[in-house]
Amino acid sequence: MSNSYGGRLSREDYKKQKELEAARMAGTAPPEVDEEGNEINPHIPQFMSQAPWYINTGKPSLQHQRKQPRPKSRPASTLPLRKKGCENCGSSSHTAKDCLERPRKKPTRPVKSSEQTANKAEEELSYDAKRDEWSGYDAREHRKLLEEWELIEEARKKRKAEALDQKKAEAQKQKTEATRIEDQLGSSDEGESDDDSVQKSRNLRIREDTAKYLRNLDPDSAYYDPKTRSMRENPYNKPASQLAYAGDNFIRYSGEAQQVLQRQVFAWEASERGNSAAHVQANPTQTALLYNEFKRRKSEAKSGRQQKLLAEYGGEEHLQAPPPELLQQSEQYVEYSRTGQLVSGNAAAQPKRYREDIYPLNHSSVFGSWWDDGKWGYRCCKQTMRNSYCTKLKK
């Protein structure tokens, strides 16, 4: 925070200044006085009472709002005009027609000694020298700039080296503290090396192993990710059981990996239901026993529901597998026509077009085996109505 005159103020001083300004506006405090002893109206806005940075004196004043006196103009020249010189500015390098100075009431002005020397040197230059953009350039100015940049670069390197030394000192201090704590606890991990010497990389291989991207050079084969050095799909068109390498996904989902994932899901679901005893990392044995018990009860409940449905609705015979003789293949060739007649092959294997020796509704004969008064009927009970129940007593 800054005041009205450009100085930096603290929070307390800024608060006091605002309270004083409010008191001056209310009339309970005397108004501010400038350098000349004039009172300053407290209701004047800050953008009017504050002087610009290039004329700010750091004191309260409204002098910058008053009309400033202009510098006196340079008096006109009383010297005679030089030969072939400009009638407007007095230079001998051009005429009044080519002069770029503002037109003056009096035609000439006095020429200083430095201007005379410059004009004389300009007259002695050639055509190309007059138009050289590097004319008058001093290389020592650029040397000063280079020296300044070298000082800045040295300071930057020095500060960076100090930061690195401080970081190394902090790391060494933390390592020493960790070593002291391990010595007190009596536990130290052997084989650990410095953090700078430890190089961690995923999916590293030994030189004797074949690289994954060389297993199948077909561009349409399994995709190889060079960033993670992984090939998730099977690069060969063979079953995984016949291969030594079938992709990273096969390794990930083989063995007991799926069982571990299932136990993890079971532990999560049990924790949501309020059973905190199931935990794969904390209680792996108890979690495995609980998961086996859960699977056993689930299978018993499923079989119990199935038996209950079969007992109520029947259909157990449909669940039995057909005899293996019907599922076996044979080299005996039999060909039939569209109507079911034997065309070639063994006649003993010829199927029937219609089912035979089936007598429904207690009949012992088929419909159409009896004829009477132009009607067909059953021979066993002499009924001419089809699908009627047979009332003949069997002997």
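Trainee: Is Tyr 54 buried, partly exposed or exposed?

Mentor: This is a predicted model, in which local features need pLDDT of at least 70, side-chain atom pairs count only at pLDDT 80 or more, and totals for chains, interfaces and linings use all residues. Residues are numbered from 1 along each chain as its sequence is written, and side-chain values use heavy atoms, with hydrogens and water left out. Buried means under 20% relative accessible area, exposed over 50%, and partly exposed in between (1.4 Å probe, protein chains only). Because its relative accessibility is 57%, Tyr 54 counts as exposed.

Trainee: Which residues make the nonpolar surface patch of about 450 Å²?

Mentor: Patches are made of residues with over 30% relative accessible area and no salt bridge; like charges are joined within 9 Å, and nonpolar side chains (Val, Leu, Ile, Met, Phe, Trp, Tyr) within 5 Å. Areas come from the Shrake-Rupley method with a 1.4 Å probe, and for residues only the protein chains shown count as cover. The patch of about 450 Å² is made by Trp 53, Tyr 54 and Ile 55.

Trainee: How many disulfides are there?

Mentor: A disulfide is counted for a pair of cysteine sulfur atoms within 2.5 Å. The cysteine sulfur nearest to that of Cys 89 belongs to Cys 86 and is 3.7 Å away, and Cys 89 is in no disulfide. Cys 390 is likewise in none, with the sulfur of Cys 380 nearest at 3.7 Å. The count is 0.

Trainee: Is Cys 390 buried or exposed?

Mentor: The relative accessibility of Cys 390 is 3%. Cys 390 therefore counts as buried.

Trainee: What is the N to O distance in the salt bridge of Glu 293 and Arg 296?

Mentor: A salt bridge places a side-chain nitrogen of Lys or Arg within 4 Å of a carboxyl oxygen of Asp or Glu. Glu 293 and Arg 296 both lie in helix 8 (residues 284–313), 3 residues apart, about one turn of the helix. The N to O distance between Glu 293 and Arg 296 is 2.3 Å.

Methods:
Helices (H or I, at least four residues) and strands (E, at least two) are DSSP runs, numbered from the N terminus.
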